[in-house]
Amino acid sequence: MTRGLWDRETVALLLIAAYAPMALTWLWYGGTGALGRLALALLVAGLWHLVFMLARAQPPSLAGAVAALAVAMLAPEDLGPLRLILGISFGTVMGELVFGGWGRNVVHPATVTLSFLGFGFPAFGWPDFVPPVFWAALPAALIGMATGILSGALMAGAALVAALAWANGALVPGLMPAATVVLVLLVADPVTSAATGLGRWLNGALYAALTLLFATRWEAVAPAQAAVAAALLAALAAPLLDETAIALWLARRRRRHGRP
Amino acid sequence: MARRPDLLDTLSAPLLRQNPVTLQILGICSALAVTTSLATALTMAVSLTVVLTLAAGVISAIRAHIPETIRLIVQIVIIASLVIVIDQVLQAWFAEISRALSVFVGLITTNCLVLGRTEAYARFHAPLPAMVDAFGNGLGYSLVLIVIGALRELFGKGELMGIEVLPLASSGGWYTPLSLMLLAPSAFFLLGGLVWAIRSWRPEQVEAPEFVPPARTEPAE
């Protein structure tokens, strides 16, 4: 072990451990239907990781299992296996594997899958979450923050905006469970979220603000759909937020010390 | 370049080996915009091929008389005149498709593919090879447009040229159309996939990497 304990797979394992309480609660209430979707998602994502290992010598990652869990939990219901396989293949390949594998992707593969399914098959309904799954998302976030793989600043930024909205009476009822699950599963992903301190606050706040905006202004939108769309835009904006944070830091440094 | 370039080679090179869209990534804007159905893609492909071939012929015929300093203006005037003719023809005989194509026929004037071929090839070659080269490039562009247009119409609406191919679930069939295919992002995905497929098949088209990852100094675990 010459490179230390923290490599990519350690992070992926800790992510799985953090998501375990939420995933188990969801499986408990979802029954065999949920189990079947999870198994299918795991199988398809695993197969694509295998294909890219054989074709491009890219090491497969346990992060494929994280993405599969997110897809199984959030995908529109009653899609049938064929559409689900199409969506997961698209998301896994175009969202992650063509970039060189987990760690080099710009957008979470599950976000790509869910957006693809949402825009491709708009007729299907999005899932709702029972309160226990929402409560189980909180220990998941806590474990993630305690082990350092999920960003506390990001969660705090999102919570701040949610609290402000609640204080002003702008919080849409029924939005919280889906928005929290998406925040923990997709937005807080260590690869595709912002990587600087200020950037993380902004990233979380942007996600929460976009979710609220979509939930109030997008007609007949399901909570999960609004949250996934916000997650996609927040992930795309993350590099810009990092760039902003670094530019501000450079400007402050230049003011204090003269030349950079 | 050889004194007398091989015409067959000039014609066939832009189809796959030097395809203007997938290798040089030219003319993307219109290629993405007009491919929601095969009919519009086909019309656009024919219009561009005609304009490109005629413009190359005209510019090549007067290439010795165009002053170097105003050559772009002269080329654009010639191309724009041809585009207006084509646009009028489409409006006269294919009014519906002309409305579907909206401004994109007019925008052939500024299509970088047209200007690229006249600027890079027709200016230095006799009319016949210039027109053959332009026709080949037009065909290469058409090939990409037709492939993407056919895929988008087939999977987005279950039709080809307006004729039902995949029976839709809404009218008793089995196919649920993939609405994403009719939105702009799908054209990007399909074009990207096409470029990927062609470059996997012909690795000599792959660009050199911009960055080289540093070599690992310590031994792998």
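Modeller: Let us begin with one residue of this predicted model. Gly199(A) lies in helix α8 of chain A, which covers residues 197-217.

Biologist: Is Gly199(A) buried or exposed?

Modeller: The criterion is a count of neighbours: a residue is buried if 20 or more other C-beta atoms lie within 10 Å of its own. Gly199(A) has 26 other C-beta atoms within 10 Å, and it is therefore buried.

Biologist: Which residues is Gly199(A) in contact with, leaving aside its neighbours within four places in sequence?

Modeller: Contact here requires C-beta atoms within 7 Å. On that basis Gly199(A) touches Ala194(A), Ala238(A), Leu241(A), Asp242(A) and Ala245(A).

Biologist: What does the largest nonpolar core contain?

Modeller: The general idea is that nonpolar side chains tend to be buried together in soluble globular proteins. In this model the largest nonpolar core has 89 residues, and Val182(A) is among those with the most contacts inside it, together with Leu69(A), Ala70(A), Val71(A), Tyr207(A) and Ala231(A). Helix α1 of chain A, residues 8-56, supplies the largest share of this core, 14 residues. A second, separate core has 41 residues, including Val34(B), Leu48(B), Ile59(B) and Ile86(B).

Biologist: With which residues is Tyr207(A) in contact, its neighbours within four places in sequence being left aside?

Modeller: The contacts of Tyr207(A) are Ala158(A), Leu183(A), Val187(A), Ala230(A), Ala231(A) and Ala234(A).

Biologist: How does one judge whether a helix is straight, and what span does α1(A) have between its end C-alpha atoms?

Modeller: One compares the end-to-end span with that of a straight helix. For 49 residues at 1.5 Å a residue, a straight helix would span 72 Å, whereas α1(A) spans only 18 Å. There is a bend of about 125 degrees in α1(A) at Gly31(A). Just after α1(A), the residue Ala57(A) has a positive phi of about 55 degrees.

Biologist: How many helices and strands does chain A have, and how compact is that chain?

Modeller: Chain A has nine helices and zero strands. Its radius of gyration is 18 Å, close to the 18 Å that the globule rule gives for 260 residues, so chain A is as compact as a globular protein of that length. The C-alpha trace of chain A spans about 60 × 55 × 30 Å along its principal axes. Of the 260 residues in chain A, 47% are buried. Among contacts in chain A with a separation of 6 or more, 79% involve residues 24 or more positions apart.

Biologist: What is the pattern of chain B along the sequence?

Modeller: Chain B reads α-α-α-α-α-α-α-β-β-α, which comprises eight helices and two strands. Its C-alpha trace spans about 70 × 65 × 30 Å along the principal axes. Buried residues form 35% of the 221 residues in chain B. Of the contacts in chain B between residues at least 6 apart in sequence, 73% join residues at least 24 apart.

Biologist: Which scores accompany the model?

Modeller: The model has an ipTM of 0.74 and a pTM of 0.83. For chain B the average pLDDT is 84, and 95% of the residues score at least 70.

Terms used:
Residues are numbered from 1 along each chain as its sequence is written. Chains are lettered from A and ligands numbered from 1 in the order in which they are written. This is a predicted model: local features need pLDDT of at least 70, side-chain atom pairs count only at pLDDT 80 or more; totals for chains, interfaces and linings use all residues. Helices (H or I, at least four residues) and strands (E, at least two) are DSSP runs, numbered from the N terminus. The radius of gyration is taken over C-alpha atoms; the globule rule is 2.2 Å times the number of residues to the power 0.38. A residue is buried if 20 or more other C-beta atoms lie within 10 Å of its own, exposed if 12 or fewer, and partly exposed in between; C-beta atoms are placed from the backbone. Two residues are in contact if their C-beta atoms, placed from the backbone, lie within 7 Å. A nonpolar core is a set of buried Ala, Val, Leu, Ile, Met, Phe, Trp, Tyr and Cys residues joined through C-beta atoms within 7 Å. pLDDT is the predictor's confidence in each residue, from 0 to 100. The expected span of a helix is 1.5 Å times one less than its number of residues. The bend at a residue is the angle between axes fitted to the seven residues ending there and the seven starting there.
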